[in-house]
Amino acid sequence: MEEEEEDEDDTFEDAVCNKTPARVNTPLSIITEAFENLADLLKPDITTEEEEDGLSLDAFCNACTHVSVLFSCLGFAFKFAEMEYISKVNDLVEASKTLDTLQNILDLDVEKDTVKTPGSRSRNLRRVRLGLDLIRAIFEKFLMTDEYSLKDAATTAYTEVCAPFHTWAVRTAVYAGMYTLPTRDQLLIRLDETEQSVEKNMRRYMEASRPIIEYIDKLYIERNIKLDW
């Protein structure tokens, strides 16, 4: 009888120890997965129809809507970037009700000669692209070294990606707000990540977002539209 109880205890212990932990979806992992799925649509083995029609605007918007939480985690310093990003994405979401692809957006504005007009969807797409690239650059700088603070990473990334296209007033406000950014540890808490998991997910986002950013740039370049605005 005692041997049977002991066997039952061992079986229970083995079941507990060997139980596979449930997968935890963090804000960053959700964003990363969304962009990996989006990047898959740009791979050579996608369907002929997808290649001809271009990247789905609806799929693009679905991925981009998740990113605003990252700006929110950065706090006051990037409040302007967050507000601008959200408003531009919302406009593209509205556009997706009548337009199928990113290519359609540019073709329509090229036809109307409104590509660079404030409020045009081609301009809004350009701004969303800058937002995605800003997050990528922040992650890249953040992972350079364990000693690299979020303030240093964000300052360098903003200077490289967005500052050239913002007014003096906006640049001044952003740089002043850098001192309010969370510490490295505070950011991990806000993202519900560990040092190990945050590095993995940031690198995944960097890899997945790069071809999407390049694809958007290519759409403008193919239509002889410079990227200096």
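How many helices and strands are there in the chain? The count comes to 12 helices and 0 strands, with helices (H or I, at least four residues) and strands (E, at least two) taken as DSSP runs numbered from the N terminus. Read along the sequence, that gives the pattern α-α-α-α-α-α-α-α-α-α-α-α. This is a predicted model, so local features need pLDDT of at least 70 and side-chain atom pairs count only at pLDDT 80 or more, while totals for chains, interfaces and linings use all residues. Residues are numbered from 1 along each chain as its sequence is written, and side-chain values use heavy atoms, with hydrogens and water left out.

On to the chain as a whole. Of its 229 residues, 42% are buried, where buried means under 20% relative accessible area, exposed over 50% and partly exposed in between (1.4 Å probe, protein chains only).

Helix 8 (residues 121-142) and helix 9 (residues 150-161) have axes that come within 8 Å and cross at roughly 140°. Axes here are lines fitted to C-alpha atoms, for helices over the stretch in contact, and angles run from 0 to 180 degrees between N-to-C directions. Helix 8 and helix 9 are therefore oblique to each other, given that angles under 35 degrees count as roughly parallel, over 145 as roughly antiparallel, 65 to 115 as roughly perpendicular and the rest as oblique. On the helix 8 side, the contact is made by L130, D133, L134, A137, I138, K141 and F142, and helix 9 brings in L150, A153, A154, T156, A157, Y158, E160 and V161. Sorted by type, the residues of this contact are 11 nonpolar, 1 polar and 3 charged.

Most residues other than glycine have a negative phi. D113, not a glycine, has a positive phi of about 60°; D113 sits in the loop between helix 7 (102-112) and helix 8, and counts as exposed at 69% relative accessibility. N224 also has a positive phi, near 60°. N224 is found in the segment after helix 12 (195-222), and its 73% relative accessibility makes N224 exposed.

Note on methods. Contact = heavy atoms within 4.5 Å. Nonpolar A, V, L, I, M, F, W, Y, C, P; charged D, E, K, R; others polar.
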